[in-house]
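Subject: Structure handover

Hello,

Here is the structure I promised to pass on. Please open it before you read further, and keep it on screen as you go.

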Amino acid sequence: MASHKCFSVVLYALVFTAFATTAFSSLSTNYYDYSCPNALNTIRSVVEAAVQKEYRMGASLLRLHFHDCFVNGCDGSILLDPSPTIDSEKNARPNFQSARGFEVVDEIKEAVDRACGKPVVSCADILAVAARDSVVALGGPTWKVTLGRRDSTTASREAADANIPAPFFSLSELIGNFKSHGLNEKDLVVLSGGHSIGYARCATFRDHIYNDSNISPQFAKELKYICPREGGDFNLTPLDRTAANFDSGYYKDLVHNKGVLHSDQELFNGGSTDELVKKYKHNTVSFHQDFANSMIKMGNIKPLTGNRGEIRLNCRKVN
């Protein structure tokens with residue numbers, strides 16, 4: 001009898017532990033409702049002010065969230081500065097001297113901690129919410145961001161180089177890369193639509209405009225004024241003609257062979273993703289709806305929850 005009672009107690013403890021782990025380790029859209037009810041409004045206010053001051057900041061904040069999630073999951077690792085123990089992802093090829101928005105994240109962190117009375121909101125969650133608010137500020141869709149991510153205590157420049165999709169990728173490489181992160185072809189096409197508000201450096205599209213044949217000759221000629229064969233690596237051009245608006249112009253450009261990056265034009269080059277590009281070209285509402293859904297899906301890539309990771313006091317360094 002005693003042994004049966006002991007077994008029941010142990011079984012109850014195991015069940016409770018499993019329940020607690022599940023309950024407190026999953027993401028939730030109302031995660032901060034009680035611990036910091038003003039958190040999301042505070043983030044939105046800072047983002048809106050930053051985008052109003054410089055609309056390109058919206059693309060920068062969205063890009064930070066993308067690049068963060070594609071390395072070791074959405075854990076804020078991209079924000080860590082170099083140190084003797086941190087091989088910063090800021091120095092990875094896709095980010096070096098091109099990733100921006102870190103000062104805005106600092107501003108958000110300071111404002112949120114002040115609103116909460118203490119460090120409650122993780123830097124990883126700040127990135128996820130700021131990405132959504134940036135899209136909204138530029139006329140794009142909104143979505144409910146799941147929250148509760150914790151911040152990493154490590155970063156990996158090598159992993160960033162290996163996992164962030166490169167601008168010279170073929171369609172099969174893009175599909176494989178997204179699949180490795182649990183994302184499918186539809187996610188690939190719709191999330192690439194984030195380039196609707198993006199800019200690219202000359203170094204990332206030079207080969208495309210001088211060596212590829214699947215580009216409008218007139219468009220290539222225009223880009224060559226911005227991007228010479230030699231030099232000008234950091235000269236910028238918008239990734240679509242309406243870079244201040246989150247619209248379907250990106251897909252319209254692809255259909256007319258006006259993708260700035262090789263990897264962009266691969267989405268409309270006689271392959272399996274052509275039909276989706278044509279769909280979003282004609283249907284902005286569908287693009288917005290699907291983009292929101294894919295952003296939620298991407299935001300759930302390997303988050304640190306529960307007791308894993310930490311809530312950083314400063315987004316640039318571990319506690």
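Below is what turned up, topic by topic. Bear in mind that this is a predicted model.

**Domains**

Start with the overall layout. The domain assignment gives domain 1 (38-164) and domain 2 (171-298). Their centres, taken over C-alpha atoms, are separated by 22 Å. Domain 1 puts 25 residues into the contact, and domain 2 puts in 22 residues.

**Nonpolar cores**

In soluble globular proteins, nonpolar side chains tend to be buried together. Which residues have the most contacts inside the largest nonpolar core? They are Ile 108, Leu 191, Leu 267, Phe 291, Met 295 and Met 298, and the core has 68 residues. At least three residues of this core come from each of domain 1 (38-164) and domain 2 (171-298).

Click on Met 295 next. Leaving aside residues up to four places away in sequence, Met 295 touches Leu 62, His 65, Phe 66, Ala 131, Trp 143 and Leu 191. There is also a second, separate core of 13 residues. Among its members are Tyr 210, Ala 220, Val 260 and Leu 261.

Helix 3 is worth a look too. Of its 17 residues, 14 are buried, so helix 3 is largely enclosed by the rest of the structure.

Now find Leu 174, in helix 7 (residues 171-180). Is Leu 174 buried or exposed? Its relative accessible area is 5%, and buried means under 20%, so Leu 174 counts as buried. Leu 174 touches Pro 165, Phe 169, Leu 188, Ser 263, Glu 266 and Leu 267, again not counting residues up to four places away in sequence. His 262 is 88 residues from Leu 174 along the chain, and their C-alpha atoms are separated by 11 Å.

**Aromatic rings**

How many aromatic pairs does the structure hold? The search gives 12. Take Phe 287 and Phe 291 as one of them: the ring centres are 5.9 Å apart and the planes are at 65°, so the pair is edge-to-face. Both residues lie in helix 14, 4 residues apart, or about one turn of the helix. An α-helix has 3.6 residues a turn, so residues three or four places apart point the same way. Phe 287 and Phe 291 are both buried. They also belong to one aromatic cluster with Trp 143, Phe 246, Tyr 250, Tyr 251 and Tyr 280.

The charged end of Arg 56 is over the ring of Tyr 199, 5.0 Å from the ring centre. Lys 90 lies over the face of Phe 102, and here the distance to the ring centre is 4.1 Å.

**Salt bridges**

Side chains of opposite charge can pair when their charged atoms come close. The whole structure has 18 salt bridges. Three of them are described here.

First, Asp 81 and Arg 316 meet through their side chains, with 3.5 Å from N to O. Asp 81 is in the loop between helix 3 (56-72) and helix 4 (102-116), while Arg 316 is in the segment after helix 14 (284-299), so the pair ties together parts that are 235 residues apart in sequence. Asp 81 is partly exposed, at 24% relative accessible area. Arg 316 is also partly exposed, at 22%.

Next come Asp 187 and Lys 297, with their closest N and O atoms 2.8 Å apart. Asp 187 is in helix 8 (residues 185-192) and Lys 297 is in helix 14, so this pair links parts of the chain 110 residues apart. Asp 187 counts as buried, at 5% relative accessibility. Lys 297 counts as partly exposed, at 34%.

Last, Arg 241 bridges to Glu 222, where the closest N and O atoms are 3.4 Å apart. Arg 241 sits in the loop between strand 2 (236-238) and helix 11 (249-255), and Glu 222 sits in helix 10 (residues 217-226), 19 residues away. Glu 222 is partly exposed, at 34% relative accessible area.

Some salt bridges share partners. Asp 81, Lys 90, Asp 106 and Arg 316 are joined into one network in this way.

Best wishes

Key:
Residues numbered from 1 in each chain as written. Predicted model: local features only at pLDDT ≥ 70, side-chain atom pairs only at ≥ 80, totals over all residues. Heavy atoms only, no water. Salt bridge = Lys/Arg side-chain N within 4 Å of Asp/Glu carboxyl O. Helix = DSSP H or I, 4+ residues; strand = E, 2+ residues; numbered from the N terminus. Buried < 20%, exposed > 50% of the residue type's maximum accessible area, 1.4 Å probe, protein only. Core = buried A, V, L, I, M, F, W, Y, C linked by side-chain atoms within 4.5 Å. Domains from an automatic or database assignment. Contact = heavy atoms within 4.5 Å. Phe/Tyr/Trp six-rings, centres within 6.5 Å; stacked < 30°, edge-to-face > 60°. Lys NZ or Arg CZ within 6 Å of the ring centre and 35° of its normal.
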